[in-house]
Amino acid sequence: MIYSFATFLLIPYLAPMFGREKIQDTTQIQAHSFLTKLFNRNYVNPKLHITLKEIANSLKSYNPEIKLVYLDANFPFIDGFPLAPHLSHKDGKKIDVSFVYQDKNQIVTNQKLSNSGYGVFEQPLDQEYNQSLICKEKGYWQYNFTRYFTFGKINKHLFFSEKATKKLLLAIINQKQVHKIFIEPHLKNRLHLQSSKIRFHGCQAVRHDDHIHFQIN
């Protein structure tokens, strides 16, 4: 009871003292999991909060049914304290958002492929560049580690929506505050995205063909 009181009634009022805001779920923005909010992993700085709203509005103009679904953001306090298992979610400027999926009739949905939102990869096709394989061959065993953090696979009838996910990525790219985006190289090429904001995150991280990471200046 004390923890719940602090999480939902106290911390949201204390976080601004540390330069953070709780992400407000709206008709266009929502957390994929209640656990994200329960464990206080849903805080960002004010500039990123505004950016999220702008991205959500852009998605709404493309398709009012598509929501910006976020995964892990940051803790409410203390710059430099990492949000395990992430390496860089420690200053209120980073967030992970989910891909967009569709059913066999190409109808887009806000449903996802795992309970956590992580760990179900959009694998490279045979002719595509396989960064995951390269990282594993170099000895970076942790690169595929998020496959163990699905907390259950769901909605196996859904497929990666190239068109809708590209619209989401373009909405992120077009935000001036955004300066770095992480997705796997094969998805950047598949979706024909040329922006210099899209970077390779390095083999020391984990793979990014199950979600989008972006950050602001």
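1. Which residue forms a salt bridge with Glu122? The partner is Arg190, and the closest N and O atoms are 2.8 Å apart. The pair links distant parts of the chain. Glu122 sits in the loop between strand 7 and helix 4 (131-137). Arg190 belongs to helix 6, and 68 residues separate the two. Keep in mind that this is a predicted model.

2. Arg190 is buried, with a relative accessible area of 11%. Glu122 has 21% relative accessibility, so Glu122 counts as partly exposed; the cut-off for buried is under 20%. Glu122, Glu128 and Arg190 are linked in a network of salt bridges.

3. The count of salt bridges comes to seven. One of them joins the side chains of Arg20 and Asp79, at 2.4 Å from N to O. Arg20 is buried, with a relative accessible area of 2%. Asp79 is exposed, at 55%.

4. Another salt bridge holds Lys94 and Asp91, whose closest N and O atoms are 2.7 Å apart. Lys94 is buried, with a relative accessible area of 11%.

5. Now take a charged residue without such a partner. Glu184 is buried yet has no salt bridge. Which side chain of opposite charge is nearest to Glu184? That is Arg207, 5.4 Å away. Glu184 does have a polar contact of 3.1 Å with the side chain of His201.

6. Where is Glu184 in the chain? Glu184 lies in the loop between strand 9 and helix 6 (185-190). Leaving aside residues up to four places away in sequence, Glu184 touches Gln131, Ser132, Tyr143, His201, Arg207, His208 and Asp209.

7. Strand 11 (residues 212-216) deserves a look. Is this strand mostly covered or mostly open? Strand 11 is mostly covered: five of its five residues are buried. In a regular strand the side chains alternate between the two faces of the sheet. Here, both faces are covered. Ile212, Phe214 and Ile216 are buried on one side. His213 and Gln215 are buried on the other.

8. Which strands pair with strand 11? Strand 5 (residues 94-97) pairs with strand 11 in the antiparallel sense, over four bridges. In that pairing, Val97 has Ile212 as its bridge partner. Strand 9 (residues 178-182) also pairs with strand 11 in the antiparallel sense over four bridges. There, Lys180 has Gln215 as its bridge partner.

9. Strand 6 (residues 101-102) pairs with strand 8 over two bridges. Tyr101 stands opposite Phe160 of strand 8.

Technical notes:
Residues are numbered from 1 along each chain as its sequence is written. This is a predicted model: local features need pLDDT of at least 70, side-chain atom pairs count only at pLDDT 80 or more; totals for chains, interfaces and linings use all residues. Side-chain values use heavy atoms; hydrogens and water are left out. Buried means under 20% relative accessible area, exposed over 50%, partly exposed in between (1.4 Å probe, protein chains only). Two strands pair if DSSP finds at least two bridges between them. Lys and Arg count as positive and Asp and Glu as negative; His and the chain ends are not counted. A salt bridge is a side-chain nitrogen of Lys or Arg within 4 Å of a carboxyl oxygen of Asp or Glu. A polar contact is a pair of N or O atoms within 3.5 Å; within protein, one must be able to donate a hydrogen and the other to accept it, and residues adjacent in sequence count only if both atoms are side-chain atoms. Contact means heavy atoms within 4.5 Å.
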